[in-house]
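Here are a few exercises to work through with the model open beside you. Try each one before reading its solution.

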Amino acid sequence: MTADPEDALTIRAVAERLMKSHPQVDAGLVRNSVQTAYEELRYARVRAYLPVLMERRAQDLLPSDE
């Protein structure tokens, strides 16, 4: 499913932040986790919190640093 242009920018920004904070994780895995988080949250009524919620959910999907 294709995101609208504003959501696409949000997806890209969240993925870039996560790639910087988790450089040891494959970039493709980070992008996939962000896309999954977006798909889960795309119909949220309150859009202002979408980036934060997406980042938290995507981070949960990534392998732990332990």
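Contact here means heavy atoms within 4.5 Å, and helices are DSSP runs (H or I, at least four residues) numbered from the N terminus. This is a predicted model, in which local features need pLDDT of at least 70, side-chain atom pairs count only at pLDDT 80 or more, and totals for chains, interfaces and linings use all residues. Residues are numbered from 1 along each chain as its sequence is written, and side-chain values use heavy atoms, with hydrogens and water left out.

**Exercise 1.** Find the buried residues of H3 and state what they pack against.

*Solution.* First, sort by relative accessible area: buried is under 20%, exposed over 50%, and partly exposed in between (1.4 Å probe, protein chains only). Leu-50, Met-54 and Ala-58 come out as buried in H3. Viewed down the helix axis, these buried residues fall within an arc of 55° (taken from the directions from the axis to the C-beta atoms), so they line one face of H3.

**Exercise 2.** Which residue forms a salt bridge with Asp-7, and is Asp-7 buried or exposed?

*Solution.* Apply the criterion: a side-chain nitrogen of Lys or Arg within 4 Å of a carboxyl oxygen of Asp or Glu. Arg-47 is the partner, with the closest N and O atoms 2.6 Å apart. The pair links Arg-47 in the loop between H2 and H3 to Asp-7 in helix H1, 40 residues apart. Asp-7 has a relative accessible area of 7% and is buried, whereas Arg-47, at 33%, is partly exposed.

**Exercise 3.** Which residue of H1 pairs with Glu-55 of H3?

*Solution.* Glu-55 forms a salt bridge with Arg-17, the closest N and O atoms being 2.9 Å apart. Glu-55 lies in H3 and Arg-17 in H1, so this pair ties together parts 38 residues apart in sequence.

Note on methods
Helix = DSSP H or I, 4+ residues; strand = E, 2+ residues; numbered from the N terminus.
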